[in-house]
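This report covers helix packing in a predicted model. The sequence and structure are shown below.

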Amino acid sequence: MLGLFTDRLLICVDKIDEQHIKLFNAIEQFREACNDRDWDEVIRVFNFLKVYFENHFKDEEEYMVKYMYSGYEEHKAEHNLFLRKIYAFDSVLKMNYISITKIMEMNEFFTENFVMHLSEVDSKLGVFLNDKL
Ligand SMILES: [Fe+2]
Ligand SMILES: [Fe+2]
């Protein structure tokens, strides 16, 4: 369970923090929909997450390019890996049946990898941007 968003996860760049909180809450909704076996809601939240993650990653990458962040390539590679996983799930969801195992796998993926990316990768970008903004 993700629980509540804690201050520990803030990187102190308002625009990015707001997006992280939205993503965090949506992942929590995704988890609840999985627990309730509410597949329509699972698909609705997943589609939201897909688009929101794409835009969020783009925004972070724009900051990195604009301020010539030295960890750009590495950070972008992490985003690409994350998106590849989302697109793989997306094609599974577009098939005509719901695989509970796959959905539980997605649930686990979002829960574990999002907080990890935030606390290990985005936090470094935050420290860098706090100096620039
Ligand atoms: Fe990131
Ligand atoms: Fe992020």
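## Contact of H1 with H2

On the H1 side, the contact consists of Lys 15, Ile 16, Gln 19, Lys 22, Leu 23, Ala 26, Gln 29, Phe 30, Ala 33 and Cys 34. These residues meet Glu 41, Val 42, Val 45, Phe 46, Phe 48, Leu 49, Tyr 52, Phe 53, His 56, Asp 59 and Glu 60 of H2. By class, the contact of H1 with H2 has 13 nonpolar, three polar and five charged residues.

## Geometry of H1 and H2

Helix H1 spans residues 14-35 and helix H2 spans residues 39-66. Their axes cross at roughly 160° and come within 10 Å. Because angles over 145 degrees count as roughly antiparallel, H1 is roughly antiparallel to H2. The two helices, H1 and H2, form a left-handed crossing.

## Geometry of H3 and H4

Helix H3 covers residues 72-93, and helix H4 covers residues 100-132. The packing angle between H3 and H4 is about 165°, and their axes are 11 Å apart. H3 and H4 are therefore roughly antiparallel to each other. The crossing of H3 and H4 is left-handed.

## Contact of H3 with H4

H3 contributes His 75, Glu 78, Phe 82, Lys 85, Phe 89 and Val 92 to the contact. From H4 come Lys 102, Met 106, Phe 109, Asn 113, His 117, Val 121 and Leu 125. The residues in the contact of H3 with H4 divide into seven nonpolar, three polar and three charged.

Methods: Residues numbered from 1 in each chain as written. Chains lettered and ligands numbered in written order. Predicted model: local features only at pLDDT ≥ 70, side-chain atom pairs only at ≥ 80, totals over all residues. Axes fitted to C-alpha atoms, helices over the stretch in contact; angles between N-to-C directions. Helix = DSSP H or I, 4+ residues; strand = E, 2+ residues; numbered from the N terminus. Parallel < 35°, antiparallel > 145°, perpendicular 65-115°, else oblique. Left-handed = near helix turned anticlockwise from the far one by under 90°. Contact = placed C-beta atoms within 7 Å. Nonpolar A, V, L, I, M, F, W, Y, C, P; charged D, E, K, R; others polar.
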